[in-house]
Amino acid sequence: MEHREEDVRVGANKYSERQAIGTAAHSQDKDYKEPPPAPLFEPGELMSWSFYRAGIAEFMATFLFLYITVLTVMGVSKSESKCPTVGIQGIAWAFGGMIFALVYCTAGISGGHINPAVTFGLFLARKLSVTRALFYMVMQCLGAICGAGVVKGFGKTLYQTKGGGANVVNPGYTKGDGLGAEIVGTFVLVYTVFSATDAKRSARDSHVPILAPLPIGFAVFLVHLATIPITGTGINPARSLGAAIIYNKEHAWNDHWIFWVGPFIGAALAALYHQVVIRAIPFKSK
């Protein structure tokens, strides 16, 4: 028992091993199998029903995500005082809670991305093919547009006068501030996704039960608390695009590039950090 507790305490660092930076450890002593990288192009996917089912799942999840979250934003915006409404904290909980629920529901079907930035980060880490990545992004954007459209259908005047949940850089902040907030916020999200779904971590920390959607949803909640005052919090290009298209006012498009460039840079940095630094730590088990 003492030896087992010692193994748990020191974890992966008990075994020192030299290897090239950015390469995963290879050992016959591992109690998991390193999954092979996804092929860059996989034409056979286009003939599989599971491929299209996954895309439909991404569409529906992003549709529901925009419907609930933008409707929550509209409910807060229409009130003269934030006291009778859920306020900023409630908006953050709506975004984080929906991600938790939807990732839980769709993880076994599509992986539960619900975000082009997450899909992009996983693509860079060779977790899915470019065919699937592009298909997911298209379906996510279509779902977001439909979700925001349904919210507008409930009250067109309110939707147009209260900003439609569109992301903009708020007064008092520069475009650079907004871009930085989106980069760091998306880094937090995508890094959490990598860590919560890492097969190596599941093998090493099998004594610690983990429900992947929970830390992912909580990361979204915390990022929203921090960056709603700056940009309204994008960190999801589909969410920003859907709201901007349905709202369709000039000022919503002026800063729109920030909500694509920022999340994609943040996702790329998270993928690089996880693959080169975190994922390269060697691990053995007795």
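1. The largest nonpolar core holds 54 residues. A nonpolar core here is a set of buried Ala, Val, Leu, Ile, Met, Phe, Trp, Tyr and Cys residues joined through side-chain atoms within 4.5 Å. Buried means under 20% relative accessible area, exposed over 50%, and partly exposed in between (1.4 Å probe, protein chains only). Phe 65, Tyr 159, Leu 189 and Ile 216 have the most contacts inside this core. At least two core residues come from each of H2 (49-77), H3 (87-106), H4 (116-124), H5 (130-154), H7 (175-196), H9 (213-231), H10 and H12 (258-278). Helices are DSSP runs (H or I, at least four residues), and strands are E runs of at least two, numbered from the N terminus.

2. The model is predicted: local features need pLDDT of at least 70, side-chain atom pairs count only at pLDDT 80 or more, and totals for chains, interfaces and linings use all residues. Residues are numbered from 1 along each chain as its sequence is written, and side-chain values use heavy atoms, with hydrogens and water left out.

3. A second core is separate and has 5 residues, including Val 169, Leu 179, Ile 183 and Ile 258.

4. Back to Ile 216. Contact means heavy atoms within 4.5 Å. Not counting residues up to four places away in sequence, Ile 216 touches Ile 99, Val 103, Leu 189, Thr 192, Val 193 and Ala 196.

5. Helix H10 spans residues 237-247 and is mostly covered, with 10 of its 11 residues buried. Among them are Arg 239, Ser 240 and Tyr 247. At the start of H10, a side-chain oxygen of Asn 236 comes within 3.1 Å of the backbone nitrogen of Ala 238. Asn 248 follows the helix, and its phi is positive, near 55°.

6. His 274 sits in helix H12. Its relative accessibility is 2%, so His 274 counts as buried. Leaving aside neighbours within four places in sequence, His 274 is in contact with Phe 194, Ser 195, Asp 198 and Arg 279.

7. An unreviewed UniProt entry lists "transmembrane region" for residues 51-70, 91-114, 134-154, 210-230 and 257-278. Such annotations may be inferred rather than shown by experiment; feature names are shortened, and positions follow the numbering used here. Residues 51-70 are 100% helix and 0% strand, with end C-alpha atoms 29 Å apart. Residues 91-114 are 67% helix and 0% strand, and their end C-alpha atoms lie 18 Å apart.

8. Ser 50 belongs to helix H2. Ser 50 is partly exposed, at 33% relative accessible area. Its C-alpha atom is separated by 8.7 Å from that of Ser 110, 60 residues apart along the chain.

Key
A polar contact is a pair of N or O atoms within 3.5 Å; within protein, one must be able to donate a hydrogen and the other to accept it, and residues adjacent in sequence count only if both atoms are side-chain atoms.
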